[in-house]
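Subject: Structure for your review

Dear colleague,

Please find below the structure that I am handing over to you. My notes on what was found in it follow.

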Amino acid sequence: MNSFFGRLRLSSLMTLAVCATVALTVALQLILVNHFAGRQASNEAQLRLQQLSWQMRDSLNRVIEKAVGDAKLLTELPQVRYARDADESRRVLESLQRTFPDYAWIGITDLDGKVSASTGRMLEGANVSKRPWFTTGLRGVHASDYHPAVLLEKMLPRQQDPWRFVDVSGPVLDAQGRPTGVLGLHLSWEWARRHARKLLTPALREYGAEILVIRDDGTVMLGPQSMVERKVDSTSLRLAQQGMTGALREVWPDGRAYLTGYSQTGDMLDAGSLRWSVLVRQTEERALAGAVELKLRMLGWSALLALALAGAAVLLARRLTRPMATLREAIERATEATNAGKEAPPIPRISGFLEARILSSRMRDLVQSEETHRRALLALNGRLEAAVAERTAELQALLLRDVLTGLPNRRALLESLPEAMSRARRVERPCALLFLDMDGFKAVNDGHGHEEGDELLRQFGQRLAQGVRKTDMVARLAGDEFVVVLEMLADGADAEEFAHKLLERVTAPYVLRTTTVRIGASIGIALHRPGDVPDVDGWLARADHAMYAVKRTGKNSVALAAAL
């Protein structure tokens with residue numbers, strides 16, 4: 001090894017050293033970019049898929065809850081309970097069907113299961129006593145799971161997708177509370193297919209994102225055509241069936257790796273609710289395509305930079321070693337002449353003092369050049385690291401903000417709740433979590449368009465933000481759900497008073513682009529006292545349950561969750 005380096009010129013040694021330094025710097029830079037960019041892209045993709053799963057889950061829950069509410073309302077109407085003839089009942093049923101066309105069929109039977117009145121007169125006179133919705137409807141308002149059309153397939157209009165229903169049924173009672181029949185609603189599954197298409201934007205579909213809704217027995221009810229009404233099994237499905245939510249990387253039976261967000265519909269406290277698993281998946285290759293492209297670009301530019309710096313290093317080394325080469329050649333000529341017995345040629349006039357000055361001057365130039373080169377590399381590396389840090393900070397900020405309202409999103413909320421609990425313990429003052437759900441938002445969104453709905457969400461969020469203190473926090477979870485975190489409270493009454501003030505603020509009229517609307521809000525409150533055990537999920541769940549209690553008792557009010 002020593003003999004190898006001993007045969008190299010000083011210029012060659014310097015060139016090799018500079019090239020090795022550049023190569024090592026570029027390699028370290030690529031390793032850092034590969035690590036952080038890849039991990040960031042994966043986390044961002046999983047969060048996006050998890051949020052889509054939540055949105056689809058909430059939509060499914062809201063439609064089923066609406067259908068249950070409509071069934072209860074219909075069974076209480078006098079035109080249904082005390083109907084004098086079938087025509088009177090049929091007018092009420094068809095009025096509801098016109099309001100919500102996704103009810104493919106609504107009918108009323110007697111206690112023997114014979115259909116007495118129905119929309120479009122379909123199945124009137126037929127006996128449906130063997131149908132599951134009839135038997136469960138006799139016992140109370142109940143939702144029956146996804147199933148094909150057995151009796152109505154040939155009566156309903158033909159469509160591209162086969163008719164599939166979710167049934168909601170309940171008893172019709174007389175004045176003494178005795179059942180006189182059963183009311184049944186057949187909710188067409190087309191509303192779920194339509195909402196899935198709305199959630200998956202063209203960009204997401206282009207990048208291979210897919211929404212799957214799966215029954216509790218593993219049968220796919222909504223998803224890719226090749227999977228519909230076939231059974232599947234995956235880790236994400238099993239986690240969702242256990243009531244968990246999140247996102248993960250997994251390999252599906254087709255052998256491809258997917259990033260999958262998962263959640264489950266229904267209420268764990270309601271045994272009669274429909275428990276479906278909602279999975280949103282995307283191939284890992286498509287999800288991380290941006291990070292791969294970034295790595296390839298970095299590799300190309302780094303290779304060009306390395307070649308440019310290596311060429312500059314070669315030129316610089318030759319320039320710096322030229323004085324030493326001149327002196328070496330002069331010494332070699334003198335040595336050869338001496339060995340040949342000839343007169344040695346004169347050595348250039350390089351006095352010892354002058355030689356020392358020239359040599360030290362050249363050495364200083366070399367050191368100065370190397371230092372300049374090193375600083376240039378460090379500056380370049382610093383700019384690259386600053387650019388990566390700036391981009392990472394931008395991506396982090398985007399991950400913590402809701403795009404529509406500019407408020408903190410679910411992720412930012414979940415990161416801040418443990419801090420709020422810690423502060424409550426330190427200052428020995430309770431904090432409160434207000435779970436708000438807008439009452440009437442769907443009517444505005446459907447009646448005036450999504451742009452007006454988005455504007456209403458923005459104004460609603462601004463009112464909440466303007467109505468709290470600087471020390472408090474307002475966040476948007478998803479859809480029309482918001483959360484307010486109040487700190488430094490005296491007690492639960494303080495939180496309720498604050499909630500009523502917010503309710504008064506948000507129920508004032510909203511001036512939109514084309515209309516002025518009024519909406520309400522259902523607010524659930526959950527306190528966290530200094531001595532309570534920190535439990536973010538439990539805290540959120542208590543506030544959520546309190547909010548749904550308001551929904552069930554009339555909406556547009558405030559309810560305080562019971563203490564642990």
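His528 counts as buried because its relative accessibility is 4%, where buried means under 20% relative accessible area, exposed over 50% and partly exposed in between (1.4 Å probe, protein chains only). The model is a predicted one, in which local features need pLDDT of at least 70 and side-chain atom pairs count only at pLDDT 80 or more, while totals for chains, interfaces and linings use all residues. Residues are numbered from 1 along each chain as its sequence is written, and side-chain values use heavy atoms, with hydrogens and water left out.

His528 belongs to strand β16 (residues 520–528); helices (H or I, at least four residues) and strands (E, at least two) are DSSP runs, numbered from the N terminus. Not counting residues up to four places away in sequence, His528 touches Met421, Ala424, Pro430, Cys431, Val533, Pro534 and Trp539, contact being heavy atoms within 4.5 Å.

Strand β10 (residues 277–283) is largely enclosed by the rest of the structure, because seven of its seven residues are buried. One side carries Ser277, Leu279, Arg281 and Thr283, the other Val278, Val280 and Gln282, and both faces are covered. Strand β6 (residues 210–214) runs antiparallel to β10 and is joined to it by five bridges; two strands pair if DSSP finds at least two bridges between them. In this pairing, Val213 stands opposite Val278. Strand β9 (residues 257–264) is also antiparallel to β10, with seven bridges, and Gly261 has Val280 as its bridge partner.

A nonpolar core is a set of buried Ala, Val, Leu, Ile, Met, Phe, Trp, Tyr and Cys residues joined through side-chain atoms within 4.5 Å. The largest one has 44 residues, of which Met56, Ile64, Leu183, Trp189 and Trp276 touch the most other members. Helix α2 gives the largest share of this core, eleven residues. Apart from it lies another core of 32 residues, including Leu407, Phe441, Ala495 and Leu502. Leaving aside neighbours within four places in sequence, Met56 is in contact with residues including Ile211, Val213, Leu222 and Val278.

**Salt bridges**

The structure holds 25 salt bridges, each a side-chain nitrogen of Lys or Arg within 4 Å of a carboxyl oxygen of Asp or Glu.

- Asp402 and Arg476 form one, with the closest N and O atoms 3.1 Å apart. The pair links distant parts of the chain, 74 residues apart: Asp402 is in the loop between α11 (352–399) and α12 (410–427), and Arg476 in strand β12 (residues 473–478). Both residues, Asp402 and Arg476, are buried.
- Arg423 and Glu487 meet at 2.7 Å, N to O. Arg423 lies in helix α12 and Glu487 in the loop between β13 (481–486) and α15 (492–506), so this pair ties together parts 64 residues apart in sequence. Arg423 is partly exposed at 31%, whereas Glu487 is buried at 11%.
- Arg458 and Glu455 meet at 3.2 Å, N to O. They are separated by about one helical turn, because they are three residues apart in helix α14 (residues 450–466).

Salt bridges that share partners also join Asp87, Arg90, Arg121 and Glu124 into one network.

Kind regards
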